[in-house]
Amino acid sequence: MNKTVNQKAWWLVTPVLVLVAFNAFIPLMTVVNYSLQETFGNNEFFWEGVTWFEQVLKSERFHASFLRQLLFTGMILVIEVPLGICVALTMPRKGPWVSVCLILMALPLLIPWNVVGAMWNIFALPDIGLLGYTLNSMGFDYNFTQQPVSAWMTTVVMDVWHWTSLVVLLCYAGLCSIPDDYYQAARIDGASPWAVFRYIQLPKLKRVLTIAILLRFMDSFMIYTEPFVLTGGGPGNTTTFLSIDLVKIALGQFDLGPAAAMSLIYFLIVLLICWAFYTIMMRNEEQ
Amino acid sequence: MVRLPKWFIPTLYIVFLMLPIYGLLSMSFKTTNEILGGFSFFPQEFTLENYVKIFTDPTWYNGYINSLIYVVINTVISISVALPAAYAFSRYKFLGDKHLFFWLLTNRMAPPAVFALPFFQLYSAINLFDTHIAVALAHCLFNIPLAVWILEGFMSGIPKELDETAYLDGYSFWRFFLRIFVPTIAAGIGVAAFFCFMYSWVELLLAKTLTSVDAKPIAATMTRTASTSGYELGLLAAAGSLTLIPGAFVIYFVRNYIAKGFALGRV
């Protein structure tokens with residue numbers, strides 16, 4: 001759409017700008033403030049420069065939780081995206097079952113995050129929970145509060161349970177926008193189901209998939225509440241992701257300087273990756 | 001090879017989704033003794049005790065009321081400021097528009113854990129700590145950008161001729177906007193409101209940091225019960241089951257727009 005140049009449009013944007021800036025700038029500057037200074041309470045601050053940043057970037061603890069975070073985000077993307085596409089492809093397009101599917105699938109998205117954690121905690125309890133009991137009675141040695149592998153599996157499956165529906169709904173919306181003529185043409189040409197997917201459906205899904213991957217990347221990279229309630233970051237530190245580690249340092253140990261420096265590094269990483277994504281997405285759109 | 005019928009995968013997926021929810025529901029109808037006694041698929045001694053406790057104890061049911069209050073305030077604020085802004089982004093070019101749009105989106109990318117402590121200090125400083133409005137305003141951080149993004153998508157789908165005709169007919173900007181434009185994109189507003197409701201309803205970290213007693217959300221009440229008064233699993237499960245209701249209610253109303261809304265109106 002061709003847009004008219006109109007500088008007065010700023011007035012329409014002002015309320016949003018004021019509200020978001022109030023919530024974003026002031027806290028962000030507080031964080032910047034803390035990251036450059038040392039405090040011993042009493043509101044006395046001492047200039048520290050970039051010491052905290054160096055300390056965080058060199059600390060093994062940060063490296064470890066960063067690697068865990070990357071691994072986690074990578075794993076859930078690898079599982080959720082293909083699974084989401086698969087479910088979206090096989091979902092009914094017409095009839096009463098569409099509503100039923102949509103409502104049931106969207107349900108996990110609207111559960112408060114700590115309830116998701118608590119629900120999976122209950123579900124996976126080794127002796128009492130449905131999952132834990134079933135796995136143990138099938139002969140698997142499963143205890144997510146003690147074994148790192150079980151804890152990881154439970155966390156990943158929980159995230160898949162929680163968020164795959166987002167990918168499904170996005171892909172479903174994308175698939176619904178393909179006109180029937182395309183499929184008819186493919187049928188006349190005698191195209192195989194794989195060819196239909198590869199040359200008709202996948203190209204149409206490219207846009208929604210970018211949004212899906214972007215959203216899933218951002219949210220999984222910031223994940224805090226669900227694993228915190230489920231495992232508390234344990235056993236040991238094995239499921240301590242970046243946000244959990246950050247809250248531990250900031251509110252647990254009250255090391256404000258290092259926590260603030262870590263916050264900024266963390267935010268910059270998310271921003272950088274999202275910016276790269278966003279640029280690619282916009283470039284594709286222009287073509 | 002046996003060909004699986006087409007409904008097989010969605011059905012399997014839905015069963016997978018429903019299992020933990022079933023676990024939660026069935027546990028909420030059990031007595032504490034039965035829960036700790038071992039696993040059972042169906043509640044043996046069916047009881048409503050857990051629910052009765054929640055509906056008679058003000059610290060419990062106030063949690064639900066608090067959550068709903070700030071979620072509704074947040075949705076109203078987000079949508080009402082996002083509407084004009086989205087209109088500006090979809091219709092006009094102005095200095096710095098693209099940068100502003102991306103900057104808005106970056107706030108959606110800020111990890112709440114980064115902002116928890118500064119938010120606490122900010123809202124304490126302006127004497128809003130432990131009020132509903134504080135949580136509602138804090139949630140604007142990620143809900144306004146999202147609302148702007150979704151609404152902008154829907155608005156760009158409306159031809160510009162609509163605006164031009166109205167202006168030619170002598171409508172002023174606000175009269176056109178409120179009388180004609182807003183009703184035209186009602187579906188988009190519904191979807192945006194759904195998302196604001198959803199993200200405000202499920203968020204806990206900020207809501208918990210900004211409240212202590214008067215505006216404490218239900219989610220925070222649950223966490224405290226779990227840690228202080230032993231592990232009352234039945235009560236916890238009942239409280240959790242009740243948090244599913246507002247979500248299910250909202251989904252039911254927007255079910256026809258849901259798929260479109262998830263594509264942010266831009267497919």
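This is a predicted model: local features need pLDDT of at least 70, side-chain atom pairs count only at pLDDT 80 or more; totals for chains, interfaces and linings use all residues.
Reader: What makes you say that chain A and chain B touch?

Author: Contact here asks for C-beta atoms within 7 Å. By that test, 78 residues of chain A are in contact with 81 residues of chain B. Helix α1 (residues 9-35) of chain A gives the largest share of chain A's side, 14 residues.

Reader: And what kinds of residues make up the side of chain A that touches chain B?

Author: That side divides into 61 nonpolar, 14 polar and three charged residues.

Reader: How do you know that strand β1 of chain A pairs with strand β1 of chain B?

Author: Pairing needs at least two bridges. Two bridges join β1 (residues 4-5) of chain A to β1 (residues 92-93) of chain B, so the pair qualifies. The two strands run parallel.

Reader: Which residue in β1(B) is the bridge partner of V5(A)?

Author: K93(B) is the one.

Reader: Back to α1(A): how do you know that its length fits a helix?

Author: Take 1.5 Å a residue: the 27 residues should span 39 Å, and the end C-alpha atoms are 37 Å apart, so the two agree.

Reader: Where is the kink in α1(A) centred?

Author: On A21(A), with a bend of about 35 degrees. That angle is taken between axes fitted to the seven residues ending there and the seven starting there.

Reader: How much of chain A is buried?

Author: Buried residues make up 41% of its 287 residues. As for its secondary structure, chain A has twelve helices and three strands. Its C-alpha atoms fill a box of roughly 75 × 70 × 30 Å along the principal axes.

Reader: Into which domains is chain B divided?

Author: Domain 1 (1-47) and domain 2 (58-262). Their C-alpha centres lie 32 Å apart. The contact takes eight residues from domain 1 of chain B and seven residues from domain 2 of chain B.

Reader: Which elements give two or more residues to domain 1's side of that contact?

Author: α1 (8-28) and α2 (32-37) of chain B. The largest share, four residues, comes from α1(B). By type, domain 1's side divides into four nonpolar, three polar and one charged.

Terms used: Residues are numbered from 1 along each chain as its sequence is written. Chains are lettered from A and ligands numbered from 1 in the order in which they are written. Two residues are in contact if their C-beta atoms, placed from the backbone, lie within 7 Å. Ala, Val, Leu, Ile, Met, Phe, Trp, Tyr, Cys and Pro count as nonpolar, Asp, Glu, Lys and Arg as charged, and the others, Gly among them, as polar. A residue is buried if 20 or more other C-beta atoms lie within 10 Å of its own, exposed if 12 or fewer, and partly exposed in between; C-beta atoms are placed from the backbone. The expected span of a helix is 1.5 Å times one less than its number of residues. Domain bounds come from an automatic or database domain assignment.
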